[in-house]
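Please look over the structure shown here before reading on.

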Amino acid sequence: MRRMFVFLFIEGLLMFLLVSCEKLYFILLWAIVFGLQLALSKNKEEIKLILVAALVFSLSISIRTAKIDAQAADYRDYSESEIFCTVISFPKINNEEIVVDLKNINDKTTLRCYLDREVIEKIPGFGDKILVSGNVKKPPEKRNPGGFDYRLYLKAYNIDYLIYAEAASVLEEQSNFAIKSISDLRERIIRVLDSNLEENERDFAKGILFGEKNLSDEYEDMFVKAGISHILAVSGLHVGIIYSFFYTVFTCLKVSVKVQFAVLSIFLIFYSCMCGLSVSVVRASLMVLINMYSRITKYHYDPINAIFLVGCINLCINPYKATMVSFLLSYGAVFSISVFYPLIAGKFKIKNFIIKNVFLGLILTITIQIFTYPILACNFNGISPLSIILNILAVPLAGVLLIALIIGVFLAALAPFSADMVFGCLSMIIDLIFILTKYFYDLPFSYIRVFSLEPLIILMYYMFLFYVFGYFQFENKYKNLMPILFAAMFMCVLIGNHFNDKSLKVTFFDVGQGDSVLIEMPGNIDVLIDGGGNLNKNVGEDVVLKALLHKGISDLDLVILTHTHFDHSKGIQELIGNHKIKRLVLNNLEDEKDFSFLEEATKMKIDLIKSEEGDIFRFGKQISLEVIYPLIGDEYVDSNNSSLVTRLVYDQISFIFTGDIEEYGERKIIERNNEIQSTILKVAHHGSDSSTSEAFLDSIDPKMAVISVGENNRYAHPADKTLELMSNKGIKYYRTDLNGAVMIETDGKKIWTEITCEE
Amino acid sequence: MIEKILFIENGYCPTCKRVLFFTEDHMCQKCLESLEAIRLNRCLKCGREILNPGIRACRDCISMEYKFNRGFSAYGYDHKIKDIIYLMKFGNRPGLCRFAGKMTYRKLEKENRLGFIEDKDLIIPVPLSKAGLNERGYNQSELLALGLTSQWNVSEAANIVHSNNLIKIKETAHQRDLNRRERLKNVVGAFKITDPEKIRGQNILLVDDVMTTGSTLNECSNVLMGAGAKNVDILVFASVDD
């Protein structure tokens with residue numbers, strides 16, 4: 001009863017997981033939590049209340065989840081030329097592009113709209129009615145292990161579609177007075193900032209005031225990696241600063257608590273709306289209001305109950321919010337502050353005011369850092385250990401800046417002549433924050449890449465944290481409960497790993513147009529064949545490295561680069577220096593000058609192996625990787641036909657990886673008459689019609705094939721001819737452009753396939 | 001309703017500051033146990049803790065004639081208890097006061113001294129002045145007494161606590177700001193009995209949260225004995241050691 005919202009929140013979360021993941025064991029967990037809640041209740045009245053509250057809440061969450069799911073899965077034909085929409089968000093304006101959320105007036109579907117500045121004359125404001133036409137798409141799902149799921153992310157905003165507008169016009173402006181005035185005020189503040197600050201400073205100021213993230217990529221990266229990007233998302237921190245500012249002013253003016261409550265609630269509602277009702281600002285505002293209410297009524301404010309009540313409200317609004325990193329970080333941080341911070345801080349008694357506050361600040365950030373570590377590790381695969389110190393310096397500055405900005409904006413509006421001076425001071429503070437951040441960003445070890453954690457490990461991590469901090473340390477007959485539980489869980493992890501380790505996993509990443517295959521062998525041996533590569537994107541870092549960190553692969557025993565074309569090699573170039581590689585295998589036909597990264601590879605102490613037919617890499621008794629092309633004594637003809645072709649054999653199952661070879665190379669392989677029959681074929685050259693001749697296909701005789709190819713690529717890969725040929729032969733094939741990453745697992749006898757998405 | 005679900009009084013353990021998740025108690029199990037573990041060497045008369053293990057009575061009891069007969073003190077005034085007393089007095093924590101009563105009962109039970117309270121006819125808490133009561137909203141000694149008796153059979157406990165008979169008629173300076181002699185003087189004439197009939201010939205237990213010099217308790221006992229009480233014993237949650 002006393003922690004009803006904790007139970008309600010967990011029950012709601014489990015219900016949401018049950019509906020959205022369709023895994024039945026969540027209902028079991030739900031029943032356990034519900035049973036526990038009933039067991040902890042004291043009398044009949046409580047049981048009645050709990051029954052009603054838990055069932056109604058869980059049911060409404062599941063209905064809400066199902067509704068959002070259905071809406072997102074629903075396919076609508078958007079070939080109609082123009083869509084009549086209402087704008088349902090404030091416009092986000094980057095340099096060239098405007099992003100707004102729209103709601104189709106006819107069928108109530110929602111779209112996130114990308115508008116070019118040139119497409120529309122007037123920037124649409126909140127609530128305006130506009131007419132847009134353009135290319136409507138479903139948001140992309142997760143395409144690779146550890147990849148970002150944009151569709152899931154947009155579900156948290158209730159957005160169903162993406163539209164890249166080709167034409168748009170504002171038909172009717174917002175007429176509601178309240179909305180119009182908020183929107184106007186916001187616009188006016190932004191205009192004041194625009195006219196008074198320089199580019200980066202202005203973006204930073206907007207970030208601090210409204211949580212609008214549109215810093216340039218370079219600065220964004222700097223803030224993220226230095227670990228203080230949270231000051232750019234309007235968070236509990238901001239609301240806390242505003243609250244303490246108001247509190248100090250009110251106390252000086254001797255205003256009564258009730259008046260304080262009224263003024264602050266109006267201000268916070270206003271401010272939350274201006275920030276676009278982001279998860280963290282709503283959380284913090286509601287918590288502050290609950291706190292103030294308790295002061296009026298002389299009730300005892302309890303942060304834990306307040307957190308979970310607000311969490312329940314957030315789940316009601318949209319359960320998918322719980323999947324957002326910002327949700328996890330915001331609630332995680334404030335939860336850790338409530339649960340662990342006071343008990344550590346209470347242990348130290350320091351007299352000196354300044355030392356005490358610096359010390360407490362240090363403890364606070366360390367607490368948050370420790371508690372949110374699994375969240376950061378799983379979502380970003382990186383942590384910033386130095387942010388502990390940087391936070392102590394930058395957070396007070398950000399606080400001063402926020403208050404100064406609010407005052408400055410008002411001053412500039414009331415007395416324009418003072419604007420210069422005010423904004424002069426502001427830009428100095430902003431520059432100071434920039435310099436500090438840059439300094440910490442440049443220090444060694446400012447950003448460390450870390451592995452994702454498995455769910456069971458995360459559970460153990462948190463249980464251990466609670467245990468270490470003196471929770472659940474029973475003195476009675478349950479004294480040994482927790483240590484036994486730890487041991488049991490640890491055994492589970494070990495046993496799970498042991499069984500997992502018997503199988504060989506081959507993952508064909510979706511790197512767009514390009515090739516990249518990861519082979520995970522028993523005994524933690526990992527081999528990568530090619531790294532993909534895109535001239536405009538860093539797929540090596542964003543896809544391959546991300547997946548390696550997600551899978552917890554610390555070093556690659558062998559990296560095979562089939563040939564030097566950038567769609568195979570650029571990704572590997574990005575990996576070198578960012579990830580540990582032991583051996584790098586190259587074909588011996590291409591000139592050394594074509595490898596742009598050999599020098600760096602030698603510097604990183606990577607063994608370089610030039611390979612050709614007959615080289616065999618053995619991994620344990622049963623697994624071997626044999627190079628079957630280029631043949632000994634071959635002459636260089638072109639890059640594609642220099643590709644290393646390798647055959648991986650595990651007991652009765654074999655894979656053949658053909659790089660980009662074309663008919664010329666295929667013919668030579670057939671003539672050589674080596675054993676090349678394989679269960680699974682990586683189709684050569686992205687399914688181009690210059691490769692995969694019928695004769696070659698016949699001699700390999702695969703059961704299954706994978707084509708690694710990018711969506712809408714300019715070479716028109718894969719060729720219809722190749723697809724037809726495989727269909728005629730009854731070969732089941734997967735395409736990374738349609739299926740995302742393709743995972744094939746084998747124990748040497750049977751194979752299991754798994755694809756990331758279906759489209 | 002809302003104070004039971006959202007605003008709860010015992011969200012944190014007052015001594016170690018850990019969050020109390022599911023217990024209805026006002027302290028965490030660990031802190032409770034650590035308090036139970038302490039064995040006191042008590043003054044034979046007032047029950048106060050004596051640090052010197054060879055001595056059986058405290059200096060105050062030797063040097064001055066207390067008007068009460070015997071005393072029991074549940075805890076010594078160490079930093080954990082200090083935190084609790086502070087919250088009882090100034091933290092708007094009525095529930096904690098009752099809980100302190102329960103703790104006192106458990107202590108008596110554990111030390112096999114339930115006889116000390118069970119033979120009493122009346123339990124009288126040390127009163128607050130009207131202004132003090134208004135400011136605080138409750139009398140911590142009264143709630144302590146009620147918490148203590150809540151552990152007994154209900155019908156018995158229903159009207160054994162008499163909190164309106166002994167009243168405080170004079171606003172006194174805070175005892176903690178004064179020295180020993182001033183404290184004694186400060187409380188003289190501050191208490192009054194409204195209905196002496198109910199006191200006459202009764203065996204009375206006088207309850208307070210904390211005993212420092214014992215001057216308040218002494219003055220109350222004096223008034224009660226003056227009204228014809230047969231015997232006055234005192235019980236405090238904590239006492240400053242000798």
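**Cysteines, cores and a helix pair**

Cys312(A) is buried, with a relative accessible area of 5%, where buried means under 20% relative accessible area, exposed over 50% and partly exposed in between (1.4 Å probe, protein chains only). This is a predicted model, in which local features need pLDDT of at least 70 and side-chain atom pairs count only at pLDDT 80 or more, while totals for chains, interfaces and linings use all residues. Residues are numbered from 1 along each chain as its sequence is written, chains are lettered from A in the order in which they are written, and side-chain values use heavy atoms, with hydrogens and water left out.

The sulfur of Cys312(A) lies 7.0 Å from the closest cysteine sulfur, that of Cys316(A), which is too far for a bond. A search of the whole structure finds zero disulfides over all chains, a disulfide being a pair of cysteine sulfur atoms within 2.5 Å.

The largest nonpolar core has 60 residues, and Leu193(A), Phe204(A), Leu209(A), Phe223(A) and Leu401(A) touch the most other members; such a core is a set of buried Ala, Val, Leu, Ile, Met, Phe, Trp, Tyr and Cys residues joined through side-chain atoms within 4.5 Å.

Elsewhere in chain A, helix α11 (residues 303-317) and helix α12 (residues 325-339) pack at an angle of about 165°, with their axes 9 Å apart; helices are DSSP runs (H or I, at least four residues), numbered from the N terminus, and axes are lines fitted to C-alpha atoms over the stretch in contact, with angles from 0 to 180 degrees between N-to-C directions. α11(A) and α12(A) are therefore roughly antiparallel to each other, a term for angles over 145 degrees.

Terms used
Helix = DSSP H or I, 4+ residues; strand = E, 2+ residues; numbered from the N terminus. Parallel < 35°, antiparallel > 145°, perpendicular 65-115°, else oblique.
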